[in-house]
Structure formats: structure tokens, C-alpha cells
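Work through the exercises below with the model open. Each task is followed by its solution.

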Amino acid sequence: MEPGGRRGLASAGGLASATRKPRQEPGAGAEARAPGAGAVRARRFLLCLYLVGFLDLFGVSMVVPLLSLHVKSLGASPTVAGIVGSSYGILQLFSSTLVGCWSDVVGRRSSLLVCILFSALGYLILGASTNVFLFVLARVPVGIFKHTLSISRALLSDLVAEKERPLVIGQFNAASGVGFILGPMVGGYLTELDGGFYLTAFICFSVFILNAGLVWLFPWRDAELTSTEKGLPVGKNPTLWGKTDCEVQEAAAPCQSRASGKPARPPWVEVASTLRDMKSLIFSEMWDIFMVRLLMAVAAMLYYSNFVVGLQERFGVRPRAAGYLISYSSALGALAGLALGPILRLYRHDGHAVLLHSSALTCLLLLLHAATHTVAVAVLCASLLAVSTAVGRTCITDLQLAAGGAQASGTVIGVGQSVTAVGRIVAPLLSGVAQEVSPCGPPSLGAVLALVAIFIMSVNRPRYGRGGRDKLKSE
């Protein structure tokens with residue numbers, strides 16, 4: 001693959017798409033002529049992906065709120081519990097980019113199945129953890145392979161047109177958010193039973209096995225046929241099903257090497273090659289996008305990490321009431337994903353403007369939350385913050401994919417998840433220091449970081465204005 005990152009990927013993608021002829025399946029022409037047949041197949045496949053996202057966060061959110069209680073019940077000190085909790089973020093930091101790049105090489109189907117099954121193994125071990133060692137061991141496969149949502153978003157990027165991508169990703173986030181709303185309630189109920197944590201972990205394992213079966217039974221052929229039809233909003237990339245090397249990558253070097261009589265390179269060589277090509281792209285062209293993602297992620301984490309404690313110390317709100325407020329905010333965040341379509345139409349599909357304004361709203365709400373002395377204003381801030389952060393997350397993901405190109409969407413999303421993992425490591429430390437100064441310290445510091453992100457976006461706005469995406473892709 002030639003130096004220059006994006007140029008090499010783009011030119012290879014153009015060659016592959018120019019030389020490949022779509023395969024004709026029996027009856028495919030009749031289906032293509034049937035009005036709406038392709039749209040129905042596309043919608044069915046998207047709904048399957050939404051269900052995968054729902055089940056993933058439903059299973060995880062049943063267990064995650066109980067982890068700190070369980071590890072302390074095993075005799076771990078607060079320091080050890082903190083180290084164990086940080087280990088997940090550290091593993092995600094190093095594995096997100098590698099797994100995303102790997103999914104670009106071997107295909108979405110194979111990578112999804114492997115990630116779901118190994119995550120299920122981790123929760124199975126967690127359900128059998130009767131000591132701290134088994135607890136730590138259970139977090140290793142989850143920390144390395146828990147990338148179901150990232151690969152699903154990359155698959156959505158492969159399937160839909162660029163104009164439809166923010167809306168579809170917003171709907172996917174909404175479906176996943178519903179799982180995060182229901183999971184804690186189910187887990188909280190089960191944990192009150194005898195051996196409730198172990199039962200909850202086993203149910204989480206069963207949910208992941210069910211998810212793996214769903215991915216295995218996906219109508220992949222329907223999606224591939226849909227992607228070859230013309231005039232549909234989906235199907236810009238009929239690859240990444242994990243069938244053969246030539247079907248795995250649009251810009252696949254193995255396909256080119258076969259055409260020239262050279263043997264295909266192993267997947268790990270392809271992963272290393274893609275990472276080298278992406279390095280220059282990320283550090284030269286996309287540094288501002290990832291910096292904004294990091295700053296906004298840390299700002300949100302600073303707010304949520306001390307949310308319950310802050311409400312209790314400042315307003316005397318009981319933890320149960322704070323939990324209800326968290327569920328209410330999560331529901332609003334899910335609804336925000338569904339409302340992203342009208343918002344984008346209002347902004348004429350200018351994702352950078354939506355991100356800029358949502359970040360500005362987040363900054364103002366964090367300042368208001370830090371300065372308020374009434375519970376009503378704090379609840380209002382929590383409600384609006386759930387909406388602004390949900391919209392911001394979707395828009396920053398769309399900007400990453402637009403700048404990075406469709407050929408390495410898994411790698412781009414993986415790098416973004418690694419950036420978020422850095423935030424998970426840094427945010428607790430900053431939050432603790434700010435909390436020592438004042439109960440209002442974490443949201444105040446978050447507002448400062450959001451302000452820095454707004455400044456970076458404002459300075460680099462010419463690159464992401466109307467037509468900025470095409471400029472980035474052609475550089």
C-alpha cells in the first residue's frame with residue numbers, strides 16, 4: 001500500500017470498485033425490479049444490528065453496576081478494587097485500535113462473532129469468580145474483545161450512504177441506550193436474590209450467547225444483494241462479510257496481489273500495514289477530531305463520575321432518587337438519538353455545526369450545574385446534558401468516518417474508542433483532584449475542557465464546512 005494513507009486507500013478502493021462486477025444471484029433481477037424490495041431487506045438488516053446493540057448493553061449494564069460491590073465482597077481493598085477497575089480501560093486503550101483494524105481485514109461478521117463469544121467467556125468466568133484472581137481473569141477477555149458496538153457502527157458505515165450515516169448511527173445508539181436503561185433495573189432486582197451476582201453474570205453470559213447466535217443467523221446475503229442495487233440509500237460497500245479475502249476489503253491488497261499473480265498476505269501483515277497507513281492520516285489530518293473527542297469525553301465523565309455524590313453533598317438528594325434521575329437521563333439520551341434526523345435536516349446535514357453547538361450547550365450546562373443552588377435547575381441541566389452529549393457523540397463519530405474514509409472505518413472507530421479509553425483512565429484522577437477542591441469542581445473543570453474543545457473546532461471549522469469532507473478525502 002503506497003505512502004500517504006488516504007490516497008493509497010482511496011486509489012485502491014477505486015480500482016477495486018472499478019474492476020469488480022457484481023455477482024448475479026438467481027432471481028436477483030426480479031427482486032431488484034420489485035419496488036421497495038431492496039429497502040425492505042436493508043431495513044431488516046439494520047433492525048438486526050439495532051437488536052445486537054440493545055442486547056449488548058442490556059447484558060453489560062446488568063453486571064457493571066455490581067462489579068465494585070462484588071470485588072469488595074471478595075475481600076479486595078479499595079485500592080485493589082480501583083486498580084482492577086482501571087485495568088478494563090487500559091486493556092481497551094490498546095485493543096480498540098487493533099480490533100477495529102482487524103475487523104477491516106478479516107470482515108465484520110467474523111470479528112463480531114469472535115468479540116461476542118470471547119466477551120461471553122469473560123462473563124462466564126465472572127459468574128464463577130469466588131476470589132479476586134478469578135475476578136481479574138474474567139476482566140481480561142472482556143477488556144480485549146468487548147468491541148461489539150464499535151464493529152457494529154463500522155458495519156453501519158459500510159452499509160449506508162454518507163448522508164444517512166448520522167441518522168442510522170443515532171438510531172443504533174438509541175436502541176443500545178434502551179438496553180442500558182433496562183439492564184440496571186433487572187440486575188438490581190436479581191442481585192437481591194440469594195447468589196444474585198452469580199445469577200446475573202450467568203444471565204449476562206446467556207445474553208451474549210444469544211447475541212452471537214443472532215449474528216450467525218443474520219441475513220448477510222440479503223444485505224449483500226441490497227448493497228449491489230442502484231438508487232438505494234444503502235449498499236455503498238458490498239464487502240466486509242468475511243467470506244473471502246477479496247470480499248473482505250474494498251481496498252484489499254490481497255485482491256490486488258492475486259490479480260498480479262502474487263500470494264495474498266496474512267491477516268496480521270494486513271493489520272500492520274493498515275495501521276502504518278492510518279498513522280499519518282490520524283496525526284496529520286485528524287488530530288483535531290480526536291482531541292475534541294478526548295476533551296468532550298473527559299468533560300462528560302467528570303460530570304457523571306461524581307454525579308450521585310455531588311447531588312448528595314450539595315442538595316441532600318438520596319442515592320435512590322439520583323438513580324432514578326440517571327435512568328431518566330438515559331431515556332432522554334436514547335430519544336435524542338431518534339431525534340437526530342430532524343436536527344440534521346434543520347442544520348442541512350452540517351455535522352460539524354451540530355457538534356459545535358451541542359458542545360457549546362454542554363459547556364453552558366456544566367457551568368450552570370456547577371453554579372446552581374436548587375435541585376430543579378440541577379435536574380434541568382441533567383436532562384439537557386443527556387441530549388447534548390448523545391448528539392455530540394454521534395456527530396463526532398460521523399466526522400471521524402467522513403475524514404478517515406470508508407475503507408478503514410473499523411480502524412477509525414477503534415482509534416476513537418482508544419481515545420475514549422484514555423479519557424476513562426484520566427477522568428477519575430482529575431475528578432478526585434477537583435473534588436478535593438470543591439463539590440462543584442468536577443463539572444467546572446469539565447466546562448473548561450469543553451471550552452477548549454469548542455475553540456479547537458472553531459479554529460478548524462474551514463476544513464469541515466460545506467464541502468470540507470470532500471476536501472479531506474481528496475487531500
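**Exercise 1: the largest cavity**

H16 gives the largest share of the lining of the largest cavity, five residues. The model is predicted: local features need pLDDT of at least 70, side-chain atom pairs count only at pLDDT 80 or more, and totals for chains, interfaces and linings use all residues. Residues are numbered from 1 along each chain as its sequence is written, and side-chain values use heavy atoms, with hydrogens and water left out.

Task: find the volume of the largest cavity, its lining and the classes of the lining residues.

Solution.
1. Search the whole structure: five cavities of 30 Å³ or more turn up. A cavity is a set of points on a 1 Å grid over the protein atoms alone where a 1.4 Å probe fits but cannot get out.
2. Take the largest cavity: its volume is about 90 Å³. Volume here is the space filled by probe spheres set on the points, with grid points joined across faces, edges and corners.
3. List the lining (residues with an atom within 4 Å of a point). Tyr-303, Asn-306, Phe-307, Gly-310, Leu-311, Arg-314, Phe-315, His-369, Gln-435, Pro-439, Pro-442 and Pro-443 line the largest cavity.
4. Assign helices (DSSP runs of H or I, at least four residues, numbered from the N terminus). H16 (307–315) and H22 (441–459) each supply at least two lining residues.
5. Sort by class: seven nonpolar, four polar and one charged. Ala, Val, Leu, Ile, Met, Phe, Trp, Tyr, Cys and Pro count as nonpolar, Asp, Glu, Lys and Arg as charged, and the others, Gly among them, as polar.

**Exercise 2: a helix pair**

Task: how do H15 and H20 pack, and which residues meet?

Solution.
1. H15 (residues 287–305) and H20 (residues 375–404) pack at about 160 degrees, axes 11 Å apart. Axes are lines fitted to C-alpha atoms over the stretch in contact, and angles run from 0 to 180 degrees between N-to-C directions.
2. H15 is therefore roughly antiparallel to H20 (an angle over 145 degrees).
3. Among the residues in contact (heavy atoms within 4.5 Å), Phe-290, Arg-293 and Tyr-303 of H15 take part, as do Leu-385, Thr-389 and Gln-400 of H20.
4. Class count for this contact: twelve nonpolar, three polar and one charged.

Conventions:
Angles under 35 degrees count as roughly parallel, over 145 as roughly antiparallel, 65 to 115 as roughly perpendicular and the rest as oblique. On a 1 Å grid over the protein atoms alone, a cavity is a set of points where a 1.4 Å probe fits but cannot get out, and a pocket is an open set with protein on both sides within 12 Å along at least five of seven lines; lining residues have an atom within 4 Å of a point.
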